[in-house]
Amino acid sequence: MRCCCRLELAVGEVVARLRAGGGLSRPRGGSRTSDTAPRPFRGALILPPVALLALFFLYPLALVVQQSLHPDTGGTSLQPYADVFASESFRNALWTTVWIAVSSTLGCMVLGFLLALVIAFVPFPGAKAVARFIDVYLSFPSFLITLALLFIYGTTGIIGSFQFLTTPWGVLLAEVTYFTPFVMRPLLAAFSQVDTAQIEAASSLGARAPRIVARVILPEALPALAAGGSLVLVLCLNEFGIVLFTGAKGVTTLPMLVYSKAILESDYPGACVVAVVNVLISVGLYGLYRVVSRRAGA
């Protein structure tokens with residue numbers, strides 16, 4: 001009874017203060033300016049990073065676009081674009097870039113899924129060490145993996161007589177070898193969230209391993225697999241070091257064509273045109289990667 005009386009008195013006092021127009025006092029630690037900063041202050045905070053972004057990233061891109069619109073004859077026109085698009089070398093480089101990037105991505109997705117499946121669900125000594133090594137492997141430069149493959153498939157390698165690495169299939173092998181861990185990493189994170197009780201229940205009902213993978217594990221891993229695959233597609237599209245380091249004959253991708261036009265032919269407008277096309281394709285694929293990653297919760 002005493003508690004009820006005290007509560008009624010407290011409520012009555014609060015109501016009386018509100019009716020008197022005094023309002024309720026703010027906590028001592030609170031402040032009106034803590035919620036949102038003044039607009040001029042926020043503008044001052046945003047301006048430096050925007051200026052640095054424009055200076056170091058947007059300005060060089062703007063110069064590339066500007067140079068692509070200035071042919072050697074002078075003036076401003078779309079003639080460099082017309083010349084590049086009409087050339088057979090550009091069409092071949094575009095086709096080579098697309099088929100190598102798509103093939104490498106599919107190979108990475110298949111191989112990465114199988115390897116991640118073994119590491120996550122097949123108990124063997126050192127599984128945790130292998131999973132940790134994948135994180136370290138992601139920091140390796142691409143030319144290091146290509147150099148290692150040269151000792152096997154190079155001219156003086158173990159099976160160098162086949163000259164495998166200097167063919168388009170050698171480039172494909174090098175890219176699959178290097179980029180597969182980029183698919184495995186999100187897959188391992190997704191596999192760690194799979195409910196093992198579902199796997200045990202399916203196994204107790206007589207389901208074999210392929211059926212468990214197809215019905216239980218794969219649906220849970222599809223978002224992570226799509227996110228890793230879309231990232232690898234963007235990386236393969238812009239890969240330059242592997243193609244250059246393998247010395248593959250007749251393999252000219254868009255980055256290699258930019259290098260050839262700018263360094264070997266001194267055709268800077270043409271090089272800038274190819275670079276602009278490469279950037280547009282990359283940005284479009286990166287947008288796809290962000291959409292897939294957002295849906296996958298990455």
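Trainee: Which residues of helix α3 are buried?
Mentor: Keep in mind that this is a predicted model. A residue counts as buried when its relative accessible area is under 20%, and in helix α3, which spans residues 79-86, that holds for Pro 80, Tyr 81 and Val 84. Seen down the axis of α3, these buried residues fall within an arc of 100 degrees, so they line one face of the helix.

Trainee: Which residues form the nonpolar patch on the surface?
Mentor: Such a patch joins nonpolar side chains within 5 Å of one another, taken from residues with over 30% relative accessible area. Here the members are Leu 52, Leu 53, Leu 55, Phe 56, Phe 57, Leu 58, Leu 61, Val 279 and Val 283, which together have about 880 Å² of accessible area.

Trainee: Which helix gives the most to the nonpolar patch?
Mentor: Helix α2 does, with seven residues, and Leu 52 lies in this helix. Both α2 (39-68) and α12 (268-296) supply at least two residues each.

Trainee: Why does Phe 121 count as partly exposed?
Mentor: Partly exposed is the range between the buried limit, under 20%, and the exposed limit, over 50%; Phe 121 counts as partly exposed because its relative accessibility is 27%. Phe 121 has its place in helix α4, residues 88-121.

Trainee: Which residues does Phe 121 touch, not counting residues up to four places away in sequence?
Mentor: With those set aside, Phe 121 touches Phe 191, Val 194, Ile 199 and Ile 217.

Methods:
Residues are numbered from 1 along each chain as its sequence is written. This is a predicted model: local features need pLDDT of at least 70, side-chain atom pairs count only at pLDDT 80 or more; totals for chains, interfaces and linings use all residues. Side-chain values use heavy atoms; hydrogens and water are left out. Buried means under 20% relative accessible area, exposed over 50%, partly exposed in between (1.4 Å probe, protein chains only). Helices (H or I, at least four residues) and strands (E, at least two) are DSSP runs, numbered from the N terminus. The arc is that of the directions from the helix axis to the C-beta atoms. Patches are made of residues with over 30% relative accessible area and no salt bridge: like charges are joined within 9 Å, nonpolar side chains (Val, Leu, Ile, Met, Phe, Trp, Tyr) within 5 Å. Accessible areas come from the Shrake-Rupley method with a 1.4 Å probe; for residues, only the protein chains shown count as cover. A salt bridge is a side-chain nitrogen of Lys or Arg within 4 Å of a carboxyl oxygen of Asp or Glu. Contact means heavy atoms within 4.5 Å.
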